[in-house]
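Trainee: I have a model to read and some terms to learn. Can we go through what each label rests on?

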Protein chains: 2
Amino acid sequence: MSSPAIDLTQTLPEKVAATLAERIVEGSYPPGSRLIEALLSKEFGLSHGPIRDALRSLQHAGLVTILPYRGAVVTDVTVREIRELYQVRAALVGLRARWIAEDPQRAELVAKVKAPIARMQQLAGKDRAEYTRVALMVNRTLTESLSNNWLRSTLASLMLQTSRYTRLALASVAHQKYSAKQWQALLDAIEAGDGEAAEKIAATLSQATRDEATKFLEQTVLKQAAPSFKSGDKKKPAA
Amino acid sequence: MSSPAIDLTQTLPEKVAATLAERIVEGSYPPGSRLIEALLSKEFGLSHGPIRDALRSLQHAGLVTILPYRGAVVTDVTVREIRELYQVRAALVGLRARWIAEDPQRAELVAKVKAPIARMQQLAGKDRAEYTRVALMVNRTLTESLSNNWLRSTLASLMLQTSRYTRLALASVAHQKYSAKQWQALLDAIEAGDGEAAEKIAATLSQATRDEATKFLEQTVLKQAAPSFKSGDKKKPAA
DNA sequence: GGAATAATTATTGATTATTAATAATCTGCG
DNA sequence: CGCAGATTATTAATAATCAATAATTATTCC
């Protein structure tokens, strides 16, 4: 059922941050929503301290923006910034693919994602929600397999941000099918130990996803005109 | 004189974090030092809140490690982890070089770093401290010129961590000279708009720095035996 | 004497109440 | 209609306090 995006919950702020991150990524806190300490502390039954910590942590993750004396709002990413995120994501995902492909012990990981990727071939164009779920899961498995701590945590944070938009790209049946095909090709390259090819496939797919997502966004952005922070659309958290 | 490593100081915690980061990077808080809230709040004349925030922020930057109910210690990076950091750094610095080289408006940036890089040629092998200073400054200028927000801030954080060790690599006169030469080559490639070459030079230099720094560290690590967190070497902050 | 166990201590995690600082909003005056 | 100033909502920071926990020290029992 509800599988939290991250679950390293040890201390209170981390639990709160995980919950809020979930809501932001999943969409129930749309961009621009204000996250007011007082309301959140009421909802979670906690004092301001842990909430503050959680918000700071989300700021670092790029999911909320904190303005001094104005508080936290769900980051409203511009189309340009989304393109920038995907540009880096493409590079890092490429690096991830290369390192995995060149890892002598990659067989274990390959075994773990083989079935899900095969399943993606069948889901593509049929069950979008499930396809998205599996795709995100496979992505996460690959990232978590990295032995490089820094890349693992950084990529995880980057994916957390971009997955908000990858969802959009997968609205297109064509992109689903393309994505499925490329994942299969990536798996083959990794299995063959071809780092060069793996890097290229992964980067290309990421760029295609970016193009698809931004295409989608440019349409909707035109509709909603200027969000502009005015009084009319003062959004509040799900109090 | 004292040019703080980062100076985005707006709110109190950021000022504290900047000061502490400076001390860690510069070395006056060696790895393993404990950063005790009570002492710091006394020293800075602040309450615990802002200090906590600052420590959390440093944790995100990777400079301190926070263990629940045990507090913050200056991150003691293993040689393996340093290698990992540089591995990613090499990739991102390569990306940075490529994007700069492919930027039509790169002339402005080139003009800004031309003189410092020329100066590095002369300083190499003569004034290590000044060479290091200029090298870090040029690096920072390049990073700050990036239009991609995410890469800019991420790379800044990564450099903050690795600069602790780049210092070590520059202890070698040979590496200083090699470094100076490669920086000149990089500048030429950027000026010529050759993204491919720029990426390769930057990545290669970063890897060489990594090798030099780890060579250095492996020697010293063997000497200091196991740090091991025991009672004997319980380090305290500069109270 | 030595090892297991229990008390102590140092320090962080979290709460509560309060004050200060700030940005946004509202009000009334011209 | 527009602007100066009061008001309000909200965060920033302080202080005092208690709870939770890890590390250390003391104690007991064999």
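Trainee: What makes the 3 strands of chain A an open sheet, and what is their order?

Mentor: The order is 1-3-2, and the pairing is antiparallel. Strand 1 (34-35) and strand 2 (64-67) of chain A stand at the edges, each with a single partner strand, so one side of each has no neighbour in the sheet. Strands here are DSSP runs of E with at least two residues, helices are runs of H or I with at least four, and both are numbered from the N terminus. This is a predicted model: local features need pLDDT of at least 70, side-chain atom pairs count only at pLDDT 80 or more, and totals for chains, interfaces and linings use all residues. Residues are numbered from 1 along each chain as its sequence is written, while chains are lettered from A and ligands numbered from 1 in the order in which they are written.

Trainee: How do you know that strand 2 and strand 3 of chain A pair?

Mentor: Two strands pair if DSSP finds at least two bridges between them. Strand 2 and strand 3 (residues 71-74) of chain A have 4 bridges, in the antiparallel sense. One bridge sets A:Leu67 against A:Gly71.

Trainee: How many bridges join strand 2 and strand 3 of chain B?

Mentor: Again 4 bridges, between residues 64-67 and residues 71-74, and the strands run antiparallel. B:Leu67 stands opposite B:Gly71.

Trainee: What is noted about phi of B:Tyr69?

Mentor: B:Tyr69 has a positive phi of about 65°, although it is not a glycine. B:Tyr69 lies in the loop between strand 2 and strand 3 of chain B. In chain A, A:Tyr69 is in the loop between strand 2 and strand 3, with phi near 60°.

Trainee: Why is A:Tyr69 called exposed?

Mentor: Count the C-beta atoms, placed from the backbone, within 10 Å of a residue's own: 20 or more others make it buried, 12 or fewer exposed, and anything in between partly exposed. A:Tyr69 has 5, so A:Tyr69 is exposed. B:Tyr69 also has 5 C-beta neighbours inside 10 Å, so B:Tyr69 counts as exposed.

Trainee: What share of chain A is buried?

Mentor: Buried residues make up 36% of its 239 residues. Chain A has 9 helices and 3 strands.

Trainee: What makes a set of residues a nonpolar core?

Mentor: The members must be buried Ala, Val, Leu, Ile, Met, Phe, Trp, Tyr or Cys, joined through C-beta atoms within 7 Å. The largest such core has 78 residues. A:Ala97, A:Leu186 and B:Ala97 have the most contacts inside it. Leaving out residues up to four places away in sequence, B:Ala97 touches residues including B:Leu186, B:Ile190 and B:Ala202.

Trainee: How many residues of chain A are in contact with chain B?

Mentor: Contact requires C-beta atoms, placed from the backbone, within 7 Å. By that test, 18 residues of chain A are in contact with 18 residues of chain B. The largest share of chain A's side, 7 residues, comes from helix 4 of chain A. That side divides into 7 nonpolar, 7 polar and 4 charged residues. Nonpolar covers Ala, Val, Leu, Ile, Met, Phe, Trp, Tyr, Cys and Pro; charged covers Asp, Glu, Lys and Arg; the others, Gly among them, are polar.

Trainee: Which residues come nearest to DNA strand D?

Mentor: A residue is near a strand if its C-beta atom, placed from the backbone, lies within 6 Å of it. There are 16 around DNA strand D, and A:Glu37, A:Gly71, B:Leu12, B:Ser47 and B:Gly49 come nearest. By class, that surface has 9 nonpolar, 5 polar and 2 charged residues.

Trainee: And which are closest to DNA strand C?

Mentor: Of 18 residues around DNA strand C, the closest are A:Leu12, A:Ser47, A:Gly49, B:Glu37 and B:Gly71. Helix 3 of chain A gives the largest share of that surface, 3 residues.

Key: Two residues are in contact if their C-beta atoms, placed from the backbone, lie within 7 Å.
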